[in-house]
Amino acid sequence: MALIKKYWSNKKVIIAGIVIILFLAVLILADNNYCFYHKTIASVKSVQEKYIESQEGPNGEQEKYYIQRVKAVVRNGIYKGKEINFKNTYSYSGIKNEKYQSGEDIFIEISENDGKLSGTVSGIKRDKYVVFLVGLFVTALVLITGKQGLLTLLSLLVNILIFILAVGFYSKGKDFEILCFVMVILFNCLTLLILGGISRKTIGAMVSTLLAVAATYFIYTIVTFIEHPSYELMDYIVAPNDLGKIFMAGIIIGCLGAIMDVAITMNSAVHEFAHTAEHLTWKSLIKSIQEIGYDIMGTMINVLLFTYISGSLPGIILKIKNGYSLNTLVQFNIVFEIIRFLVGSIGIILAIPISGFIAVVFLKKEGINGNVSNLKHYIFNFNCFSRWRKRR
Amino acid sequence: MVICIYVITLGMPPIVITFLGSITFCLITVLYQNGTNLKSYSSLIAVFLVICILSIVVAILGHYSQMAGFNELELCEDISQLSTDIKINMQSLMITVIMLGLLGAVMDTSIAIATSIFEVYQNNKELELHDLMKSGKSVGRDILGTTVNTLFFAGIGETLMMSVLFSKFGYSFEKIINSKVFFQEFSIIVIANIGCLIIIPITTIIISNLLKSKSAVAVKIRKLCDEV
């Protein structure tokens with residue numbers, strides 16, 4: 001306990017306490033907001049399970065099937081307070097079916113037959129879990145990072161707002177490519193400004209991010225011009241005529257965050273290097289830029305790899321189990337994940353020399369032999385400096 | 001990664017694979033990039049702790065919210081002809097998916113913090129435990145903003161198609177927020193972010209204690225690292 005006390009000040013604990021109480025209140029509200037819904041909701045009261053049969057899978061597995069007798073109470077609408085019984089079948093894997101437990105809230109479509117109620121389940125009420133996750137995230141953010149955490153939260157909120165607006169504009173018939181460019185510029189400028197404030201470093205990072213994204217877009221356009229990926233195989237197809245554009249926008253926005261990260265690190269490191277090094281030559285500057293680049297490249301690409309590949313895991317496993325070969329999988333199923341990951345990585349690699357160059361250009365304007373008298377500034381920047389010095 | 005997937009298809013429980021797999025990924029990445037030293041060990045321990053904590057959270061959450069399995073949108077597409085009798089529990093597979101998703105980001109944050117604290121310590125060995133923790137906190141604050149945004153944008157990029165679909169078909173807010181597909185994507189992003197957050201104090205506490213503590217275990221580990 002003493003350790004934790006050393007880490008956190010009392011004030012922060014109080015603020016976090018307020019946040020937690022606030023979220024508990026919202027959570028309780030979300031748990032009981034049945035009256036806001038038009039659809040009928042029922043709470044599962046008791047469940048009886050029985051094993052029925054096992055079916056043989058494609059590779060001789062014995063998949064067990066169970067049947068549930070569910071007793072539930074309707075929470076809103078005209079049938080409020082009435083009890084309802086229905087049957088539900090589920091399997092061990094639970095790929096297409098769901099297993100219900102007592103205490104869960106479910107959306108249900110009720111039909112009345114000779115005064116007897118029966119229903120089919122159309123989904124589970126998940127809003128309280130969304131609230132729970134957001135609450136956990138915000139509490140951790142406030143507890144761990146304080147004021148900077150609030151800024152991060154602000155930038156996230158602004159970005160989500162822009163995103164929702166953009167999707168709204170698209171459904172009103174605007175071109176997605178133009179929307180994507182607007183989104184990228186807005187995301188980029190607002191995020192960097194909120195996180196970094198107005199400074200030479202921020203502007204440098206902004207310019208280099210935009211250039212790197214433009215370069216990535218250029219390369220992507222050339223490649224898809226030569227060889228079209230068959231977009232028809234993609235997940236969640238909706239509008240066949242601009243699939244390519246939406247996919248492109250997804251890729252560009254996906255790598256934007258990583259490119260921004262690289263640009264910020266690069267700009268602060270070069271800035272710092274110029275301010276602390278005693279004898280600054282072009283050669284040493286370029287060498288250190290390469291070194292920083294090498295350092296951040298590996299971890300950033302790792303982040304993208306894990307984020308992108310993990311999402312397609314269930315689909316891949318199901319298909320392997322059904323006898324798809326690795327070749328077919330790569331060709332038809334995970335090809336989009338691979339494209340996404342590769343374009344993202346290319347973006348990161350391109351961002352390194354571009355932001356290095358931009359940082360140097362901005363530095364030159366400032367005068368390369370910057371004054372080191374500002375000690376406070378030096379201490380502030382030490383963090384960025386030590387980050388790129390890792391692994392040396 | 002490929003080996004991991006194949007082992008799961010062979011019928012091993014996904015949770016075991018998650019732990020073994022993430023430890024292997026960490027070992028390879030951290031030790032290859034950093035060498036065997038105090039920094040690597042402390043970030044390894046920290047990453048492992050975070051994975052344990054979050055697995056429990058995800059397991060509880062997944063148990064109640066039924067987020068495992070294939071979502072509404074995937075179901076109407078190509079898997080509808082496939083056999084679903086594969087005897088792999090989707091609930092635990094979901095834990096694998098989320099844990100692997102956050103592994104990269106968590107490792108990145110952890111290494112960055114461990115290295116900078118180590119660097120600070122090397123520059124000034126008289127620093128107290130309190131000072132080391134303070135510097136860890138400020139480094140964490142610096143890194144966090146960009147990491148959160150990186151994860152957020154990667155998530156948005158991935159779910160763009162889904163959001164367009166939602167808006168095209170005019171889904172209502174209540175339908176979106178209660179749908180499985182939204183909850184899956186949303187929880188992947190948010191849990192990865194939570195992982196990045198809680199790794200900051202965990203790494204800080206572990207490495208500054210390993211550096212400063214007088215307990216037998218810490219002394220032993222320090223000695224071990226000095227010898228290497």
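# Reading helices and cores in a predicted model

Tutor: Of the 392 residues of chain A, 36% count as buried. Keep in mind that this is a predicted model.

Student: Which secondary structure elements does chain A have, and how many?

Tutor: Chain A has twelve helices and five strands. Take contacts between residues at least 6 apart in sequence: in chain A, 71% of them join residues at least 24 apart.

Student: What does UniProt list as "transmembrane region" in chain A?

Tutor: The unreviewed UniProt entry lists residues 12–30, 129–146, 153–170, 176–196, 203–226, 246–264, 292–318 and 338–363. Residues 203–226 of chain A are 100% helix and 0% strand, with end C-alpha atoms 35 Å apart. Residues 292–318 of chain A are 96% helix and 0% strand, and their end C-alpha atoms lie 41 Å apart.

Student: How do I describe two packed helices?

Tutor: Use the angle between their axes and the distance between the axes. Here, take helix α8 (residues 282–311) of chain A and helix α5 (residues 90–123) of chain B. Their axes come within 7 Å and cross at roughly 170 degrees.

Student: Why are α8(A) and α5(B) called roughly antiparallel?

Tutor: Angles over 145 degrees count as roughly antiparallel, so α8(A) and α5(B) qualify. Among the residues making the contact are T299(A), N302(A), F306(A) and G311(A) of α8(A). From α5(B) come V97(B), G101(B), D108(B) and I111(B), among others. By class, the contact has nine nonpolar, seven polar and one charged residues.

Student: Where does M162(B) sit, and is M162(B) buried or exposed?

Tutor: M162(B) is in helix α6 (residues 129–168) of chain B. M162(B) counts as buried because 21 C-beta neighbours lie inside 10 Å, and the cut-off is 20 or more. Compare V97(B), a residue of the α5(B) contact. M162(B) and V97(B) are 65 residues apart in sequence, and 19 Å apart in space, C-alpha to C-alpha.

Student: How many residues are in the largest nonpolar core, and which have the most contacts inside it?

Tutor: That core has 141 residues, and I252(A), L256(A), I259(A) and V262(A) have the most contacts inside it. Helix α8 (residues 180–212) of chain B gives the most to this core, with 21 residues.

Student: What is I252(A) in contact with, leaving aside neighbours within four places in sequence?

Tutor: I252(A) is in contact with C180(A), V184(A), V213(A), T216(A) and Y217(A). There is also a second, separate core of nine residues, including I41(A), A42(A), I106(A) and I124(A).

Note on methods. Residues are numbered from 1 along each chain as its sequence is written. Chains are lettered from A and ligands numbered from 1 in the order in which they are written. This is a predicted model: local features need pLDDT of at least 70, side-chain atom pairs count only at pLDDT 80 or more; totals for chains, interfaces and linings use all residues. Helices (H or I, at least four residues) and strands (E, at least two) are DSSP runs, numbered from the N terminus. A residue is buried if 20 or more other C-beta atoms lie within 10 Å of its own, exposed if 12 or fewer, and partly exposed in between; C-beta atoms are placed from the backbone. Two residues are in contact if their C-beta atoms, placed from the backbone, lie within 7 Å. UniProt positions are given in the numbering used here, feature names are shortened, and annotations may be inferred rather than shown by experiment. Axes are lines fitted to C-alpha atoms, for helices over the stretch in contact, and angles run from 0 to 180 degrees between N-to-C directions. Angles under 35 degrees count as roughly parallel, over 145 as roughly antiparallel, 65 to 115 as roughly perpendicular and the rest as oblique. Ala, Val, Leu, Ile, Met, Phe, Trp, Tyr, Cys and Pro count as nonpolar, Asp, Glu, Lys and Arg as charged, and the others, Gly among them, as polar. A nonpolar core is a set of buried Ala, Val, Leu, Ile, Met, Phe, Trp, Tyr and Cys residues joined through C-beta atoms within 7 Å.
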